[in-house]
Structure formats: structure tokens, C-alpha cells
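The sequence and the model are shown first.

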Amino acid sequence: MTGSIQVGLAALGSAVGVGLVGAKAAEATGRNPGAAGPIRTQAIIFAALAEGIVFIALFLG
Amino acid sequence: MNFRRFLLAITLFVALPFPALAGAEEATSDKSAPAGESHIDDHKKHHGLPKPAPILYHGIGGNPETGKVGPLAITNSMVVMLVVAACIILVAQLATRKAALIPSGLQNFVEWLVESLYGFFEGVLGAHMVKKTFWFFATIFIFILFSNWFGLIPGLGTIGWAEQGHHNEHVTNPLLRGVNADLNMTLAMAAIFMVLWLFWCIREIGPGGFVGHIFDVKGHGSGFFGIFLVAVFICVGVIEVVSICVRPVALTFRLYGNVFAGENMLESVMMMGNQLVPYIGGAIAVLPFYLLEILVGLVQALVFALLTSVFTALMCEHHEEEHSH
């Protein structure tokens, strides 16, 4: 059996990370619907940063 | 004035992968043997997208047989890129040809797009920086968005020709391919952003301010604790430099990986669906993923434009704080 365990682990970690970002962003929007715009912007930034790990692991790992 | 800059930026993007491809000549020729093998393997196992974009025209002095790439080589991604750029320029020209004070029709739509983008980036960059950098971020957003969506048009990858002796059912040399499914394109955009970023930072806060911003000592201690703090923040500065160096790599691979993986995923799902229910299964199975890919195309364009603008804002915000004091 062959494979690249580091990509799998990176994907696991970043999936958890993106999930946490999404959960907290939804929660924050629920608490303060007026701030939906800035929260969405920040959520996208942090989701993208968490997601970037996979691509680094995939192509450079 | 802004419109001219917009045209200039589009032309710049279109011209970029040419030198990038020529620069990648050694890399492609080095890896030509294993790349060729994996290409064949790909075709045997599943009809996925080959990782490097197939080169249609090897450029001046290039040789298709040895894999040598000369200047002005053209890959199939670049064909789509030229088409998308031409479409955007055409729409912009048509919209502004008869500019009226009260816009209607196409002009109205384009003004709505530009104005909402301006408001969006103003929120990120601030009123001062957005005037100077809006042309770049808006162009990059519009260009990535429409090239992603253009790449999703059904049947785009099936236009092309098959090699001699190959099955007719499968196109071995596709003419068209999603723009950002080519690493050269995303790398070129990330590289031009980093150059512009450096230029904007130096112009806004000066070379001293630039270094000072990276190796910034926050908080003032005295005696041993002060020296300790300076050492800590110099280490933080080194980490900051590494993170800045990773930015273009992450930007490149994020966009490329998302678009490339999306195209492969659509194809895999299609094959699986076709195995379960012949002829119509694939089309039904692929539909939710197709809608997902439309969303991904929008989100990735947003992410690229947003991340680049946030990087710029992070470095240049210092200047504005000083002014407001």
C-alpha cells in the first residue's frame, strides 16, 4: 500500500480548521446579524488560510 | 483613467504566462520523462486532466518532440485566457461606448459590479489605499471569476483533436482548458501581486518603515526585560519574513489546486455515475457538484482578491494611522 500520509493529515487538519471557522462565523452572525458583512469577510480569509495548508502539503510535501 | 488602467492590467495578465512558460523550460524538459509516463498512466486508469497544461504551440525555436519550449509558446489554458480577456475587454468597451448619466442596460450592470467591488475593497483597504490599488484587485477578481466560470462551460474540455491510432471517443489534445488549471497562470498572478505589493508598501511607508513594520518592537520594557523583548520581536520578524515568502506560493497553489481538483472531481463523479446508470447517471450525479464548482469559482476569485488586498492593507495601514493621529 502506498500513499502520502502527510497530505491526508494536512487535509484532516485543514478540514477541521475550516469547519471551526465556519461554525464560529455562523455563531457570530447569529449573535450579531448586523455584522454579517465583516464576519463573512474574515471567515473567508481564515478559511482560505486554513485551506492553504493542504495545497502546501500536497505540492511541496 | 481607471478604465485605461483596467485595460492595461488585463493585457498584463494575458502577457504574463509567456515569459513564465519560457522560464519553466528547464523544469519541463527535466521532468518530461516521468511526466509523460504519468500522463499515459492517467489515461489508462481514468481520463483525468493531466497536471501540466498541454502545450499546443511550442513557440519560436521550440520543438514538440524534445519538449523544448521557446518564447511565445501557447498552452491550451492560454487559449481560454485570451478568449476570456477578449470577452471582458469587449464587454467593458460596449458598456462605456455610450456612457449616459443615468445608466441602463449593460452600462448599469457594469457600474453596479464596479461600484460594489469598490465599496467592498474600500472596507478592507481604507479610503486612501483603495484609490491607488483598486484597479488591480477589481481586475484580478473579475478576471479570475469569469475565467473560472468559463472553464465550467459543459463540453469545454472535449473540443480538440485525437492522436492517430487513438480511440475516437476520447480527445487526447484538448484545445481548451480552464485558465487557472494551469500553474503558470496562477503563479504569474501571484508573482505580479508580490511585486506590486512591494512597490505599494515602499511607496506608502518607505523602505525604513517597511523593515520597521516587519521587525516592529511592540511594548517598551527596561533593562534585561527590554533586551529580551527586542530579541523576541526580532525572532517574530524572521517568522514574518518567512510568512511573507510563503504568501505567493500559497496563493498560487490555492487557486490552482481548487480549480484543478474541481475539474478532476467533476470528471470522476461523471465516470462513477455512468458506471451505476449508463448514459444518464453521470449527468445526474454531477449536477450537485457542478453547482458546487460554480460556488467554488466565485469563492476562489473572492479569496484571491481578498487575501491580496488584506496583505496590502496589513502592510500599509501604518501610514494611515499616523495621518489620523
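Predicted model: local features only at pLDDT ≥ 70, side-chain atom pairs only at ≥ 80, totals over all residues.

Residues are numbered from 1 along each chain as its sequence is written, and chains are lettered from A and ligands numbered from 1 in the order in which they are written.

Chain B contains 10 helices and 4 strands, where helices (H or I, at least four residues) and strands (E, at least two) are DSSP runs numbered from the N terminus. Read from the N terminus, the order of its elements is α-α-α-α-β-β-α-α-α-β-β-α-α-α. Of the 325 residues in chain B, 28% are buried; a residue is buried if 20 or more other C-beta atoms lie within 10 Å of its own, exposed if 12 or fewer, and partly exposed in between, with C-beta atoms placed from the backbone.

Between the chains, 10 residues of chain A are in contact with 11 residues of chain B, contact being defined as C-beta atoms, placed from the backbone, within 7 Å.

In chain A, A:Ala11 belongs to helix H1 (residues 5-31). A:Ala11 is partly exposed because 15 other C-beta atoms lie within 10 Å.

**The nonpolar core**

The largest nonpolar core has 52 residues; such a core is a set of buried Ala, Val, Leu, Ile, Met, Phe, Trp, Tyr and Cys residues joined through C-beta atoms within 7 Å. Helix H2 (36-60) of chain A gives two or more residues to this core, as do several helices of chain B, including H5 (76-97) and H7 (127-151). The largest share, 12 residues, comes from H7(B). Among the residues with the most contacts inside the core are B:Phe137 and B:Ala305. Leaving aside neighbours within four places in sequence, B:Ala305 is in contact with B:Phe137, B:Ile140 and B:Phe141.

**Helices H5 and H7 of chain B**

The axes of H5(B) and H7(B), lines fitted to C-alpha atoms over the stretch in contact, come within 10 Å and cross at roughly 120 degrees. The table lists the residues that form this contact.

| Helix | Contact residues |
|---|---|
| H5(B) | B:Val80, B:Met81, B:Val84 and B:Ile88 |
| H7(B) | B:Ile142, B:Phe143, B:Phe146, B:Ser147, B:Phe150 and B:Gly151 |

Notes:
Contact = placed C-beta atoms within 7 Å. Axes fitted to C-alpha atoms, helices over the stretch in contact; angles between N-to-C directions.
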